[in-house]
Amino acid sequence: MAVSRVQGIDAGLYHVDVRAQALEPVRAGPVAGDLMIAGVGQEFLRQAPAVFVLTGVFQRARWKYRERHYRYVCWEGGHLAQNLYLAAEAAGLGACMVGAFLDRMLNDLLR
């Protein structure tokens with residue numbers, strides 16, 4: 001999650017540890033400009049108070065799901081995105097899925 005302006009959370013890039021229900025700092029300081037550049041210049045990525053970046057590691061899922069690992073990672077990402085949209089709607093916030101980004105640049109940003 002890239003945070004720019006969220007009360008109680010310092011600007012930076014965080015990994016969401018689901019098991020611990022905690023944010024793990026990945027990179028401190030503003031990242032919105034870099035995120036906008038990796039997002040092919042989409043200005044709203046720089047302006048958003050928080051941006052959730054959904055990722056999946058296919059090889060990590062392969063041991064459990066075998067030949068179905070790809071589909072399950074995609075399904076889980078879809079479920080997570082749907083829940084983010086529902087939570088945003090319930091909180092009176094906006095949400096927008098972004099598929100246009102530069103893979104290598106985003107990967108470098110996420111480390």
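**Strand pairing and pockets**

User: In E4, what is the bridge partner of Val3?

Analyst: The bridge partner of Val3 in E4 is Ala50. This is a predicted model, in which local features need pLDDT of at least 70 and side-chain atom pairs count only at pLDDT 80 or more, while totals for chains, interfaces and linings use all residues. Residues are numbered from 1 along each chain as its sequence is written, and side-chain values use heavy atoms, with hydrogens and water left out.

User: Why are E1 and E4 said to pair?

Analyst: Two strands pair if DSSP finds at least two bridges between them. Strands are DSSP runs of E with at least two residues, and helices are runs of H or I with at least four, both numbered from the N terminus.

User: How do you know that E2 pairs with E1 and with E3?

Analyst: Strand E1 (residues 2–3) and strand E2 (residues 12–17) share two antiparallel bridges, and Ala2 has Leu13 as its partner in E2. E2 and strand E3 (residues 22–28) share six bridges, also antiparallel, and Leu13 stands opposite Arg27 in E3. Between E2 and E3, which form a hairpin, lie four residues; Gln21 in this turn has a positive phi of about 50 degrees.

User: What makes E3 and E4 edge strands?

Analyst: The open sheet has four strands in the order E3-E2-E1-E4, paired antiparallel. E3 and E4 each have a single partner strand, so one side of each is left without a neighbour in the sheet.

User: How do you know which residues line the largest pocket?

Analyst: Lining residues have an atom within 4 Å of a point. The largest pocket has 35 of them, and His15, Val18, Thr55, Gly56 and Arg60 lie nearest its centre. Helix H4 (69–90) supplies the largest share, 10 residues.

User: What makes a lining residue of the largest pocket nonpolar, polar or charged?

Analyst: Ala, Val, Leu, Ile, Met, Phe, Trp, Tyr, Cys and Pro count as nonpolar, Asp, Glu, Lys and Arg as charged, and the others, Gly among them, as polar. The lining of the largest pocket divides into 22 nonpolar, seven polar and six charged residues.

Definitions and conventions:
1 Å grid on protein atoms, 1.4 Å probe; cavity = no way out; pocket = protein on both sides within 12 Å on 5 of 7 lines; lining within 4 Å.
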